[in-house]
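Visitor: I have a structure open and would like to talk it through. Could you guide me?

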Amino acid sequence: MEIIEKRKSTRNFLDKEIPEEILEKLVSSAILAPSAFNFQPWKFIVVSDKEKKQKIRAVYDDATKRIKLFKKLHLTNVPIYNQDTYFLEKATLIVPCYDKKISYARDSLAMACQNLMLEAVNQDLASVCVGRPTVFNSHRKKIKKLANVLGAYEVPYLIVVGYPSLVPYRPKRKPLEEVMKRIK
Ligand SMILES: Cc1cc2nc3c(=O)[nH]c(=O)nc-3n(C[C@H](O)[C@H](O)[C@H](O)COP(=O)(O)O)c2cc1C
């Protein structure tokens with residue numbers, strides 16, 4: 001619970017590389033997650049190359065622009081906030097992928113990613129899961145190409161991880177009474 005409470009989506013990072021052995025620890029924690037039929041239908045691609053990260057950031061910004069346009073045209077009502085996306089370049093990007101042919105692969109991957117984000121806290125790191133750069137098909141294709149993701153795999157979101165430079169506040173949670181029900 002201590003680690004769970006400490007994890008907060010972080011968007012401010014120091015310019016500090018994550019050592020290889022710690023990156024390996026993060027992925028080692030991910031692969032201990034449960035997966036349907038123990039298929040382990042996942043891959044984790046680590047991107048630390050500056051140029052690649054800049055290109056991924058551009059995809060994120062382009063997706064933001066498109067969502068804003070859709071909102072203007074009343075085609076979506078998803079909330080969108082203004083964000084300085086420089087944090088994507090400062091951190092390390094982990095591109096989690098799941099095998100599209102495997103049942104429950106996306107669910108299994110989500111469990112693995114949660115493990116990874118919790119182990120990040122244990123390693124004095126912080127993270128944020130970002131779905132915006134992969135929300136549109138065309139953008140997802142670009143991310144897959146940039147991260148050399150094989151055709152059989154899909155990328156549902158990215159995990160941005162690094163050493164935090166600012167401790168964020170935690171957005172409010174719904175009260176327990178609203179989300180927990182006891183049935184007889
Ligand atoms: C699937 C998923 C997609 C997300 N996409 C984004 C995103 O594109 N950009 C972003 O800044 N945060 C993103 N987040 C982070 C959420 O905004 C954040 O988890 C939520 O506000 C709760 O805050 P907390 O994680 O600090 O508890 C995403 C989280 C999840 C689980």
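This is a predicted model: local features need pLDDT of at least 70, side-chain atom pairs count only at pLDDT 80 or more; totals for chains, interfaces and linings use all residues.

Visitor: Which residues surround the ligand?

Guide: The ligand is surrounded by K8, S9 and R11, by V128, C129, V130, G131 and R132, and by Y157, R170 and P171.

Visitor: And how many of that shell are nonpolar, polar or charged?

Guide: The shell around the ligand comprises five nonpolar, two polar and four charged residues.

Visitor: Turning to the helices, at what angle do α2 and α5 cross?

Guide: The axes of α2 (residues 20-30) and α5 (residues 105-122) cross at roughly 140° and come within 7 Å. The two helices are therefore oblique to each other, as angles count as roughly antiparallel only when over 145 degrees. The crossing in which α2 passes α5 is right-handed.

Visitor: Which residues make that contact?

Guide: From α2, K25, L26, V27, S29 and A30 take part, and from α5, A112, C113, N115, L116, E119 and A120. By class, this contact of α2 with α5 has seven nonpolar, two polar and two charged residues.

Visitor: What about α3 and α6, how are their axes placed?

Guide: The axes of α3 (residues 50-72) and α6 (residues 137-146) come within 10 Å, with a crossing angle of roughly 175°. α3 and α6 are therefore roughly antiparallel to each other.

Visitor: Which residues meet there?

Guide: On the α3 side they are K52, K55, I56, V59, D62 and A63, and these meet H139, K142, I143 and L146 in α6. The contact of α3 with α6 has five nonpolar, one polar and four charged residues.

How values were computed: Residues are numbered from 1 along each chain as its sequence is written. A residue is near a molecule or strand if its C-beta atom, placed from the backbone, lies within 6 Å of it. Ala, Val, Leu, Ile, Met, Phe, Trp, Tyr, Cys and Pro count as nonpolar, Asp, Glu, Lys and Arg as charged, and the others, Gly among them, as polar. Axes are lines fitted to C-alpha atoms, for helices over the stretch in contact, and angles run from 0 to 180 degrees between N-to-C directions. Helices (H or I, at least four residues) and strands (E, at least two) are DSSP runs, numbered from the N terminus. Angles under 35 degrees count as roughly parallel, over 145 as roughly antiparallel, 65 to 115 as roughly perpendicular and the rest as oblique. A crossing is left-handed if the near helix is turned anticlockwise from the far one by less than a right angle, and right-handed if clockwise. Two residues are in contact if their C-beta atoms, placed from the backbone, lie within 7 Å.
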